[in-house]
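Trainee: Could you take a close look at one part of this model for me, and then show me how the rest sits around that part? Please keep it chatty, but give me the cut-offs as you go.

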Amino acid sequence: MLRDLYIRSMALMERLPADSYLSALPAVRALEGPGLVFHRPVTFLVGENGAGKSTLIEALAVSQRFNPEGGSRHFSFSTAATHSELHSYVKVVRGAAYPRDGYFLRAESFYNVATAIDDLGVEAGYGDQSLHRQSHGESFLTLVEKRFKGRGLYILDEPEAALSPTGIIRLIRRIAELVERDSQFVISTHSPMLLTFPDAEIYQLTEEGVASVPFRETSHYRTTLRFLQHPDQAIADVLGYEIEDD
Ligand SMILES: Nc1ncnc2c1ncn2[C@@H]1O[C@H](COP(=O)(O)OP(=O)(O)OP(=O)(O)O)[C@@H](O)[C@H]1O
Ligand SMILES: [Mg+2]
């Protein structure tokens, strides 16, 4: 397990232009003052759709010289330069050790990464098949189980996107192995299963600000639990009908 994290903190180092949409995002406001301080090998970012998690995580990845569309530090392809300018306004404090491995994964553009891997002909390390000949979830698991080697900084944006619940369990196991092998993860997620990862720190980003919370206090866990414990009642409430007693 890492004693000194690769990334210790991330904060705004200068004011964003007042008319920038970025200034209003909960995730960006979490970078004011001391910003986000990383205390654990695994840090999760949770928040509603549009809170700015992907924007933040992309700026972190770009600041660490990952390609904004995803991949390792070796990929420098670009299909669309759509990343925000946030990375120019943040300061990321690194630890003493330099990661030997690393990956920035964004579910939204994983297809492009698979294409780049094929184009480069670097299938070694990605399973026997081109990632395009595997399903979305299969190729993702191949990537984390075969390509992620340890001693790495892994920045993942909604890694659960393609995974079944059993796939998420495989991902949890693999994260634990890589943490044992001196890795650090920063993960944005909507998955309550993933949030149960032991000793992780969870930053919840809301309009009220950022708070470090235990997984049972995240809105993701609470909302999902309510549905799974009382599904008939939960869906009736959502759709606005009464349940008839037998
Ligand atoms: N160029 C832009 N101009 C104005 N607003 C933008 C621009 N790009 C992104 N946004 C807005 O920034 C907000 C944050 O987007 P972001 O993708 O970071 O959210 P998120 O927290 O990752 O959401 P999700 O959980 O849905 O993935 C969104 O409301 C989006 O519409
Ligand atoms: Mg997102």
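This is a predicted model: local features need pLDDT of at least 70, side-chain atom pairs count only at pLDDT 80 or more; totals for chains, interfaces and linings use all residues.

Mentor: Start at F104, which stands opposite I155 in β6. Residues are numbered from 1 along each chain as its sequence is written, chains are lettered from A and ligands numbered from 1 in the order in which they are written, and side-chain values use heavy atoms, with hydrogens and water left out.

Helices (H or I, at least four residues) and strands (E, at least two) are DSSP runs numbered from the N terminus, and two strands pair if DSSP finds at least two bridges between them.

With that, zoom out to the sheet. Six strands make an open sheet with mixed pairing, in the order β5-β6-β7-β3-β8-β9. At the edges sit β5 (101-106) and β9 (209-212), each pairing on one side only. From one strand to the next, the twist averages 10 degrees.

How enclosed is β7? Five of the five residues of β7 (residues 184-188) are buried, so this strand is largely enclosed by the rest of the structure. For the cut-offs, buried means under 20% relative accessible area, exposed over 50%, and partly exposed in between, using a 1.4 Å probe and protein chains only. Both faces of β7 are covered, with Q184, V186 and S188 buried on one side and F185 and I187 buried on the other. For context, buried residues make up 49% of the protein's 246 residues.

So what lies across this sheet? Helix α2 lies across β3, β5, β6, β7 and β8 (201-206), running at about 155 degrees to β6. Contact here means heavy atoms within 4.5 Å. Axes are lines fitted to C-alpha atoms, for helices over the stretch in contact, and angles run from 0 to 180 degrees between N-to-C directions.

Helix α2 (residues 53-63) also lies across β1, β2 and β4, at about 115 degrees to β1. Those strands form an open sheet of three, ordered β2-β1-β4, with antiparallel pairing. Its edge strands are β2 (36-37) and β4 (90-94), each pairing on one side only. Two bridges join β1 (residues 7-12) to β2 in antiparallel fashion, and S9 stands opposite V37 of β2.

In the loop between α1 (26-29) and β2 you'll find G33. G33 is exposed, at 60% relative accessible area. Between G33 and L12 there are 21 residues in sequence and 7.5 Å in space, C-alpha to C-alpha.

On to helix pairs. Two packed helices are described by the angle between their axes and the distance between the axes. For α4 (residues 136-147) and α5 (residues 165-180), those are about 15 degrees and 10 Å. α4 and α5 are therefore roughly parallel to each other; angles under 35 degrees count as roughly parallel, over 145 as roughly antiparallel, 65 to 115 as roughly perpendicular and the rest as oblique. On the α4 side the contact uses F140, L141, V144 and E145, and on the α5 side G167, R170, L171, R174 and L178. By class, that makes five nonpolar, one polar and three charged residues. Here Ala, Val, Leu, Ile, Met, Phe, Trp, Tyr, Cys and Pro count as nonpolar, Asp, Glu, Lys and Arg as charged, and the others, Gly among them, as polar.

Then there's α7 (residues 219-229) against α8 (residues 231-239), packed at about 115 degrees with axes 5 Å apart. That makes α7 roughly perpendicular to α8. R226, F227, L228 and Q229 of α7 meet P231, A234, I235, D237 and V238 of α8.

And the overall tally is eight helices and nine strands.
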